[in-house]
Amino acid sequence: MGNKILAVLEQREGKLKRSAFEAVSTASKLAKDLSMEAEAVVVGSEVSNINDIAKYGISKVVHLKSADFENYSSTGYRDAVADYAQEVDAGYIILANTALGKDLAPRLGVKLNAGCIMDCINIDASSGEFVATRPVYAGKALIDVKPKSAKKIITIRPNVFKAAPSEEAGEANVEVREITSPNLQTRVVEFKKSEGKLDVAEADIIVSGGRGMKGPENFHLIEELADLLGGAVGASRAVVDAGWRPHSEQVGQTGKTVSPSLYIACGISGAIQHLAGMSSSKYIVAINKDKEAPIFNVADYGIAGDVFDVLPALIEEIKKVKAG
Amino acid sequence: MKIAVCVSHVPDTATKVKVGSDGKSIDPTGVTYIINPYDEFAVEEALKTKEKLGDDSEVVVISVGGDSSKETIRKALAMGADRGVLLKDDNPRDSFAVAKALSEEIKAQGCELVFCGKQSVDYDNTITGQLVAEMLGYSCIPVVVELTIDGNKIRAEREIEGGREVVETELPAVITAQKGLNEPRYASLKGIMAAKKKTIEEKPAAEAESLTEVLSMKLPPPKQPGRILGTDSSAVPELVRLLREEAKVL
Ligand SMILES: Cc1cc2nc3c(=O)[nH]c(=O)nc-3n(C[C@H](O)[C@H](O)[C@H](O)COP(=O)(O)OP(=O)(O)OC[C@H]3O[C@@H](n4cnc5c(N)ncnc54)[C@H](O)[C@@H]3O)c2cc1C
Ligand SMILES: Nc1ncnc2c1ncn2[C@@H]1O[C@H](COP(=O)(O)O)[C@@H](O)[C@H]1O
């Protein structure tokens, strides 16, 4: 097995995402534990903040570059990364468990005959043996998994492996490799952005509304609070099924699994499928007029009251606090 | 065209998970199993595609698992799929080994279009469809919410963070279905009766080695029940204080 750990970094619109730095920090730490060498690869056209990776513990980065890589192409990115991983005989490949990571990891897996352990929330190699922990049954249980293949692919859940920049870091050593005529068999031809909204899967604060909000016209309260906190709007399946909110906002077993620092559940009962998607949030606040609602079993702080009384007051209080 | 749909047989989403005596998997006692919710969207899309083609296309449902997986295959047949194949293996397999068995069968059946769910709600791996595609050398678009197939050409919208990607590729291909792709039909009484007469071919799943190994399963540490701070807006200042000073999240 090779001596290299590769962090594959995701860029969107020419900028490395926060989750890319989490992959860098994780790869750097793993390299220390296993006495291996970590480096980073990024596939893309122009990438503006590539130098920042030095602050997160890796200095060498290879930029697999092509004008055709401005948008994602599963076949093009796969070939570029797999070829490079073969060349340096990478033993571990680390990606963030984002839409791109989930798409790319298994493709690399088949190319490199490497087992994939997806959506890890902990990895431990301090004893020299690599073991990953990942949630199953939407977080109702956790498993410890060991790779058996020579090469190993690991994706890490965003927001869990926190990346803190160090100040004294130097410059990154960027090697640019032009990729000529990439394989664009499968390619993204357009990105339809949902109007400037933050995605629940990436947010550090989520304000979610359920059937207790009574109707779509009342979600402005949820939106306003989310905006104030710089967070995202989430929803229970009941309100998604009713057509009040888009499915992209659904949190739960058949929606998105989230682990923000703060999750505020408003008028959500806390059905087992909802809890499965959010109970690993660091802090949970529940506002529900039924004090027996199961959401209070997982909440750190609760108000057993009416959302139409509590939410406006909460918005005002936070405005007051923000104003100092 | 021959269309394959891969379906997995999973615990009902309302299941309270208990760890089994092997310490590595769930205790199945009292657990109800269902067709993986995302696979219903996959079955529906396969049926819609066949109906649109309006020719002698066939929808084959394939599952890797034990005998009980036949219930899930039967459910897809009741929705309208033509026939089923159970690739039998009573032992657990990782996604690689499942994908290996599926891809061998898809090749043998000569299916050019394959539908999977975007995720199995048991192990939540989210990769089986992509693995099958890569093993077969097919194109693959995962997490699809809108699909158009025109001759050989495929155009799909898939959900990613903050929006949708519009992806183009060609057949042969694997599509993994996300909620929103369609509204799965209910199996009619007639469908359920007809499904009883449809064949489910049974054969051993192709030998394949798992590339990962589960060492142990545990339940997440229980959350300490929290504090109810009050019953109306008068509790709000205290809530904000705690979020700032105790939780330090604001
Ligand atoms: C296969 C399957 C998959 C599922 N997947 C998911 C999933 O991914 N995500 C998900 O969320 N659910 C999922 N569910 C659905 C889940 O079982 C629940 O039905 C759903 O979560 C309930 O949504 P809710 O809490 O908004 O509504 P309800 O359960 O109706 O709860 C509304 C709550 O609002 C409170 N309330 C009412 N009025 C007020 C008020 N004025 N002020 C304060 N509180 C008020 C009530 O006390 C109640 O607790 C799934 C179900 C199935 C069968
Ligand atoms: N044992 C299985 N038999 C047939 N199809 C499966 C099996 N496991 C997973 N799949 C398919 O692959 C999809 C994704 O599963 P997973 O990668 O396990 O999350 C599922 O929605 C199914 O369509």
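Reply: Ligand 1 is surrounded by residues from chains A and B, so its site is shared between chains. This is a predicted model, where local features need pLDDT of at least 70, side-chain atom pairs count only at pLDDT 80 or more, and totals for chains, interfaces and linings use all residues. Residues are numbered from 1 along each chain as its sequence is written, chains are lettered from A and ligands numbered from 1 in the order in which they are written, and side-chain values use heavy atoms, with hydrogens and water left out.

Me: How many residues surround ligand 1, and which are closest?

Reply: 27 residues surround ligand 1, and the closest are A:Lys214, A:Ser236, A:Thr254, A:Ser269 and A:Gln273. A residue counts as near if one of its heavy atoms lies within 4 Å.

Me: What does A:Ser269 do with an oxygen atom of ligand 1?

Reply: A polar side-chain atom of A:Ser269 lies 2.7 Å from that oxygen. Backbone N or O atoms come in too: one of A:Val307 is 2.9 Å from a nitrogen atom of ligand 1, and one of A:Lys289 is 3.1 Å from a nitrogen atom of ligand 1. A polar contact here is a pair of N or O atoms within 3.5 Å.

Me: And how much of ligand 1 does the protein cover?

Reply: 80% of the 990 Å² of accessible area that ligand 1 has on its own. Those areas come from the Shrake-Rupley method with a 1.4 Å probe.

Me: Which pocket does ligand 1 sit in?

Reply: Ligand 1 sits in the second largest pocket, meaning more than half of its atoms lie within 2 Å of the pocket's grid points. On a 1 Å grid over the protein atoms alone, a pocket is an open set of points with protein on both sides within 12 Å along at least five of seven lines, while a cavity is a set where a 1.4 Å probe fits but cannot get out; lining residues have an atom within 4 Å of a point.

Me: What lines the second largest pocket?

Reply: 49 residues, with A:Arg237, A:Ala238, A:Asp241, A:Gln250 and B:Lys179 nearest its centre. The second largest pocket holds about 1100 Å³ of space, a volume being the space filled by probe spheres set on the grid points, which are joined across faces, edges and corners.

Me: Switching topic: how many cavities of 30 Å³ or more are there?

Reply: There are 5. The largest cavity has a volume of about 620 Å³. It is lined by 33 residues, and A:Asn97, A:Lys102, A:Ala201, A:Lys256 and A:Thr257 are the closest to its centre.

Technical notes
A polar contact is a pair of N or O atoms within 3.5 Å; within protein, one must be able to donate a hydrogen and the other to accept it, and residues adjacent in sequence count only if both atoms are side-chain atoms.
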